[in-house]
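Hello,

Here is the structure for you to look over. My notes follow below it.

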Amino acid sequence: MTLVEDRSTNRLVESLKIFNTIANNRCFSNVSIILFLNKADLLAKKVQTVSIADFHMDFPEEGDPHNLDDVQRFLVEKFNTERNDKAKLLFHHFTTATDTENIRFVFECVRNTILEGNLGELMLD
């Protein structure tokens with residue numbers, strides 16, 4: 001899939017570039033990152049009919065390009081490799097914005113992650 005604005009640029013490649021810029025920005029040097037990978041429902045359908053390996057030659061040979069778990073693992077690893085500082089935590093969530101239960105669950109997880117981080121900092125102070 002390509003960008004509507006630029007038919008020659010792969011959407012994943014563009015997203016990785018943007019993520020790299022944000023994740024490695026010195027303004028965010030002391031924070032964990034929460035990555036939301038939206039449209040998980042569309043990914044699940046697409047994986048059944050299209051091989052991600054046809055578009056991303058670095059998809060692992062031992063992985064199945066038609067297996068959702070393998071593709072999701074590959075995507076998270078692609079984003080993870082864009083980060084310079086691996087010591088910072090990277091939390092990821094596959095979301096479907098139109099699924100209110102999914103969004104409620106994800107935001108509850110994010111809220112708990114933030115609270116745990118803040119409590120941890122308070123205990124160290």
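**Salt bridges and a helix crossing**

Glu101 and Arg104 both sit in helix 4 (residues 100-124), 3 residues apart, about one turn of the helix. Helices here are DSSP runs of H or I with at least four residues, numbered from the N terminus. Glu101 and Arg104 form a salt bridge, with the closest N and O atoms 2.5 Å apart. The term salt bridge means a side-chain nitrogen of Lys or Arg within 4 Å of a carboxyl oxygen of Asp or Glu.

Before you go further: this is a predicted model, where local features need pLDDT of at least 70, side-chain atom pairs count only at pLDDT 80 or more, and totals for chains, interfaces and linings use all residues. Residues are numbered from 1 along each chain as its sequence is written, and side-chain values use heavy atoms, with hydrogens and water left out.

Are Glu101 and Arg104 buried or exposed? Glu101 is exposed, at 52% relative accessibility. Arg104 is exposed, with a relative accessible area of 52%. The cut-offs are under 20% relative accessible area for buried, over 50% for exposed, and partly exposed in between (1.4 Å probe, protein chains only).

The whole structure has 4 salt bridges. Another one joins Arg73 to Asp70, with 2.6 Å between the closest N and O atoms. Both residues lie in helix 3, 3 residues apart, about one turn of the helix. Arg73 is exposed at 53%. Asp70 is buried at 19%.

Lys78 and Asp58 also pair through their side chains, at 2.7 Å, N to O. This pair links distant parts of the chain: Lys78 is in helix 3, Asp58 is in the loop between helix 2 and helix 3, and they are 20 residues apart. Lys78 is buried at 17% relative accessible area. Asp58 is partly exposed at 44%.

Now the helix crossing. The axes of helix 2 (residues 40-49) and helix 3 (residues 68-81) come within 10 Å and cross at roughly 115 degrees. Axes are lines fitted to C-alpha atoms, for helices over the stretch in contact, and angles run from 0 to 180 degrees between N-to-C directions. Helix 2 and helix 3 are therefore roughly perpendicular, a label that covers 65 to 115 degrees.

Which residues meet there? Leu43, Ala44 and Val47 in helix 2 touch Leu68, Val71, Gln72 and Leu75 in helix 3; contact means heavy atoms within 4.5 Å. By class, that contact has 6 nonpolar residues, 1 polar and no charged ones.

Best wishes

How values were computed
Helices (H or I, at least four residues) and strands (E, at least two) are DSSP runs, numbered from the N terminus. Angles under 35 degrees count as roughly parallel, over 145 as roughly antiparallel, 65 to 115 as roughly perpendicular and the rest as oblique. Ala, Val, Leu, Ile, Met, Phe, Trp, Tyr, Cys and Pro count as nonpolar, Asp, Glu, Lys and Arg as charged, and the others, Gly among them, as polar.
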